[in-house]
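Colleague: I would like to go through this structure with you, step by step. Shall we start with how the helices pack?

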2 protein chains.
Amino acid sequence: MDYRRTHDCGTLNASNIGEKVILSGWMHRRRDHGGLIFIDLRDRYGLTQLIFDPRISKETHEKASSLRSEWVMSITGKVRARGEGLANPKLKTGEIEIEVESLQILSKSKTPPFSICDEFIDVNEELRLKYRFLDIRRGKICENLVRRHQAMFATRNFLNEKGFLEITTPILAKSTPEGARDYLVPSRISPGNFFALPQSPQIYKQLLMISGMDRYFQIATCFRDEDLRAERQPEFTQIDLEMSFSTPEELFQLVEDMMSSIFKNCIDVTIQTPFRKMSYRDAMEEYGTDKPDTRFGMKFVRIDDIAERSEFSILKDQLKTGGSVKAFCVKGGAELSRREIDRYTEFVQKFGVKGVAWMKREEAGFTSSVVKFFSQELLKEIQKRLDVETGDLVLILAQQDGILNQAMDHLRRHIAKERKLIPKGVYEFLWVTEFPMFAIDPKTQEIESEHHPFTSPHFDDIHLLEQDPLKVRALAYDLVLNGYEIASGSQRIHDSEVQKKIFELLNLSQEEIQNKFGFFIEALLYGTPPHLGIALGFDRINMILSDTDSIRDVIAYPKTQKAADLMMQAPSSVLPDQLHDLRINVEEMTEIQWT
Amino acid sequence: MDYRRTHDCGTLNASNIGEKVILSGWMHRRRDHGGLIFIDLRDRYGLTQLIFDPRISKETHEKASSLRSEWVMSITGKVRARGEGLANPKLKTGEIEIEVESLQILSKSKTPPFSICDEFIDVNEELRLKYRFLDIRRGKICENLVRRHQAMFATRNFLNEKGFLEITTPILAKSTPEGARDYLVPSRISPGNFFALPQSPQIYKQLLMISGMDRYFQIATCFRDEDLRAERQPEFTQIDLEMSFSTPEELFQLVEDMMSSIFKNCIDVTIQTPFRKMSYRDAMEEYGTDKPDTRFGMKFVRIDDIAERSEFSILKDQLKTGGSVKAFCVKGGAELSRREIDRYTEFVQKFGVKGVAWMKREEAGFTSSVVKFFSQELLKEIQKRLDVETGDLVLILAQQDGILNQAMDHLRRHIAKERKLIPKGVYEFLWVTEFPMFAIDPKTQEIESEHHPFTSPHFDDIHLLEQDPLKVRALAYDLVLNGYEIASGSQRIHDSEVQKKIFELLNLSQEEIQNKFGFFIEALLYGTPPHLGIALGFDRINMILSDTDSIRDVIAYPKTQKAADLMMQAPSSVLPDQLHDLRINVEEMTEIQWT
């Protein structure tokens, strides 16, 4: 019962010819040919071709003929060269094959619900998730998990090297004000009381700074009980870090070097540092979003002044009611038909913009039904400001800033996808800085933190806190990669008076402040060093490393969008005794239909 | 607002003399002496002495006189040698001091509830836990957390090197049969259903083997809702690993090398490998426990046959009712008074053994009131079998095996502590092997797994499963260090038929099997490789590395024995809306009294 191998299935090559080896693995494929049985033996490292020849062992050849897909076996045999012209250069082990001397069947297999050995099969995701253990065996998810391991390992190596300590913070925690809904855990020892699973280790890591721990990190599991969008999971992972006595610039360089190390180690890509920086204001102005995808152009240009001087009354009306007029240039877009362009109008209407005005730049000049509203001089200005060349298309939109930016951001990305303007294998990192400290919640019209309430105001703007809080910039920064926000951080408040003022501005009552943060404000009073930090979305980074659009492809056992684990069939009902122990009652019981 | 330092407070030495530096940290101690102010500036790396001299800067000297304990500051100054004879060899920075040129007060501090700068103060643990952020700042816990980081890092480096992949498994999981009570998490999306926090990643890691992931590990957070003993926490950490196509011997060597690496990296101790091995039967026979502390002697010797031939009716009566007679020798124990020895009788009575018979070995021979029951020949046999020398004490106990072993184990350890027989700085590792597969639950008289139900029977004993299950040995092993079980593992069952049989032997109904493990037994049917694994108690290992008896000393934010976080004041009541979202009601509400 010695199950050891001498090699895995992805290792043997011409240098091993003549060696006696023991291999183990799964039966990937079988071909019977001229009295011989050929088997591709598979493990996570690769495939190795086995030959069963009745002239070598009749008994082993016979046993081999009983082998079926996905049976597990162990063989001993001799490595030999493949016949002349039979080498397979696509395979790591393509130069050799194994002449099998003995075979032990370790475990049989039922026929899998989907093929393990065909790469391109159309399996519905629910079935894949139900049989996740087989889905991983198929190889793609396995590769992603290997890469994820490498990313964790590179992160830890890098941060350890830089003097950061990994410190584990509690999972049975207390509600922190991250804005989302908490997962709760009833306490048995103190009935009626609950722990909350942490939405982030924010308070814990700031307390570690107060403790003097100086440079902390954690690859932390975090939890949010939200209605899930495609790229969300109820539990997700962040690279969480915090440091004292430093500056945002030092942190930027640290994160840039860390990302370089991760990309180099995981996908052998050298990324350019330092990363570009852009203020929140510029990002909103030029891309309509705080996470611009800078892999392609089509920056927005404000043409309020041109619109003002034109005869285009729709634009001028927008300006009168406080709206803006912005345009962007689609390179080569003059080839688009009127119908195609009309679809852009339909597209932006979903976001509340009435339409898209457009002008094609032909050899002879601008053409379209709205050209007549602009003088030649204005058209020249448009041409110059938007850098328009013959064959381009200019799109003009007008609305209130918020709606306009959202619509134009979506339209810009839509066109980029449609016209295949997004280059493959390009990684555009961008720091977005100088976020506003506060925003107005569009639903409640109340002031709220743009980041979280521990974010420090910009040192130059502290005097504005009382008089004009919406003008206060925060010392907050996001890291954007290819249009995704992959990290968010800030300088924290280390002065308890400032912290209290922020809570007051957020209209938290003294009681709420005391209940939620009382001990934390108290802690700030005991010698808090200046500190700052960041949290990176580790799942998102892995999605980009693995070139997938689904977060479920980079997590071993993900949940569905209904927050269910189809393999384990969780959540599930529990025994009445368990609820009794916790002194809780269930008001309503949903029977989950597992397929 | 540039908060960067040039050095930390534990770095500067004679080689830096003359350099201009920027340091930051906390005011540890202050002395005013001859018009000068001396301040020990502290961070987690050490202490550096600052000198404020009014002749250098009157303004800075004045500012320094306002500094109080634990205020945070940043200074610039020049490194200079300490005066003749004033060097402090106990301090890393003891050769130098800083002539301060400018001082910036970064943050003030209230007077801490206990002293940060005095090492030996008697602070009650509740106060320490309430102000954990200050307790960590005091230094001892900080050192333990640094060591814990090093242990995690050494573990990951070692296992990565050996080809293991770290794969994160879910926290929102389903109940697994580890025997303890689960923490439950109500589902909002499927009301009335619950997730369970994992007691271990056992099923997930076995599924990863079925997936072909081959070599898995995780430094995993696990959860048990138990009534806490001193060394337990509701959430705890294990180094969890699993491998396919291997043998227990290969796993032993892997773990031994890993422990060597951890001990070398964390406390610079070289541990001897390979570790000793002992069968469960020998451990019980010679030490009365499956986790013997082998740092000291006093092994037990069975003397049933000698008792049988003696006139000692109490012992003979025990033998008649199926009991055993065992003895052990306390080196130099003849010096103990009768009253001291009588206390051993009181000690063992708590465990259900009536008394301790004893004989001192004096120059002239054995003495005591029971010597008369033994012939000279029997006394010689006792002397020889127990290796008794002049000045030793022989203790004899008799009872049913279970009670006898427990009492003798406790007595042996009690005497070792009392007589200071346990050497400091010694690390005795021991593999305990060949555990029984099943045990009888003393309460219910039902058969239960000694380890967990996925443990493979010993390959030689499979035929005994039907006829005599209690005789079946498991392919299970524990790693014991200095009398603590620090790891537990086994070869797993990879045959679904054997797995089903084990469940049946455990009297799990078909329905229970289906509900609890249905999908797992199903998974075993799709080509399961032989696999085995182990889980190491990471907190316990850290306790030993940090030489502490309290698990709370090696965790950043531990819970009390009532499973409460005194700093965060968790668990806590939640808003009615939160419960409404989850469709649960609270039957009973405990008001927690926070001190």
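Colleague: At what angle do helix 6 of chain A and helix 16 of chain A pack?

Modeller: Keep in mind that this is a predicted model. Helix 6 covers residues 248–267 of chain A, and helix 16 covers residues 538–545 of chain A. Their axes are 11 Å apart, and the packing angle is about 45°.

Colleague: Why is helix 6 of chain A called oblique to helix 16 of chain A?

Modeller: Angles under 35 degrees count as roughly parallel, and those from 65 to 115 as roughly perpendicular. The angle here is about 45°. That is why helix 6 of chain A is, relative to helix 16 of chain A, oblique.

Colleague: Is helix 14 of chain A roughly parallel or roughly antiparallel to helix 15 of chain A?

Modeller: The axes of helix 14 (residues 496–505) and helix 15 (residues 510–524) of chain A come within 11 Å. They cross at roughly 165°. Angles over 145 degrees count as roughly antiparallel. So helix 14 of chain A is, relative to helix 15 of chain A, roughly antiparallel.

Colleague: Which residues of helix 14 of chain A make the contact with helix 15 of chain A?

Modeller: On helix 15 of chain A, the contact residues include Phe517(A) and Phe520(A). By class, the contact has six nonpolar, three polar and two charged residues. Helix 14 of chain A supplies Ser496(A), Gln499(A), Lys500(A), Phe503(A) and Glu504(A).

Colleague: Now chain B. Is the crossing of helix 4 of chain B and helix 16 of chain B left-handed or right-handed?

Modeller: The axes of helix 4 (residues 140–161) and helix 16 (residues 538–545) of chain B come within 10 Å and cross at roughly 125°. That makes helix 4 of chain B oblique to helix 16 of chain B. The crossing is right-handed.

Colleague: Which residues in chain A lose the most area to chain B?

Modeller: The contact takes 125 residues from chain A and 125 residues from chain B. The two chains bury about 11,600 Å² between them, with 62% of it on carbon and sulfur atoms. Three residues in chain A lose the most, together 7% of what that side buries: Phe245(A), Tyr526(A) and Met568(A).

Conventions
Residues are numbered from 1 along each chain as its sequence is written. Chains are lettered from A and ligands numbered from 1 in the order in which they are written. This is a predicted model: local features need pLDDT of at least 70, side-chain atom pairs count only at pLDDT 80 or more; totals for chains, interfaces and linings use all residues. Side-chain values use heavy atoms; hydrogens and water are left out. Axes are lines fitted to C-alpha atoms, for helices over the stretch in contact, and angles run from 0 to 180 degrees between N-to-C directions. Helices (H or I, at least four residues) and strands (E, at least two) are DSSP runs, numbered from the N terminus. A crossing is left-handed if the near helix is turned anticlockwise from the far one by less than a right angle, and right-handed if clockwise. Contact means heavy atoms within 4.5 Å. Buried area is the accessible area (1.4 Å probe) that two parts lose on being put together, summed over both. Ala, Val, Leu, Ile, Met, Phe, Trp, Tyr, Cys and Pro count as nonpolar, Asp, Glu, Lys and Arg as charged, and the others, Gly among them, as polar.
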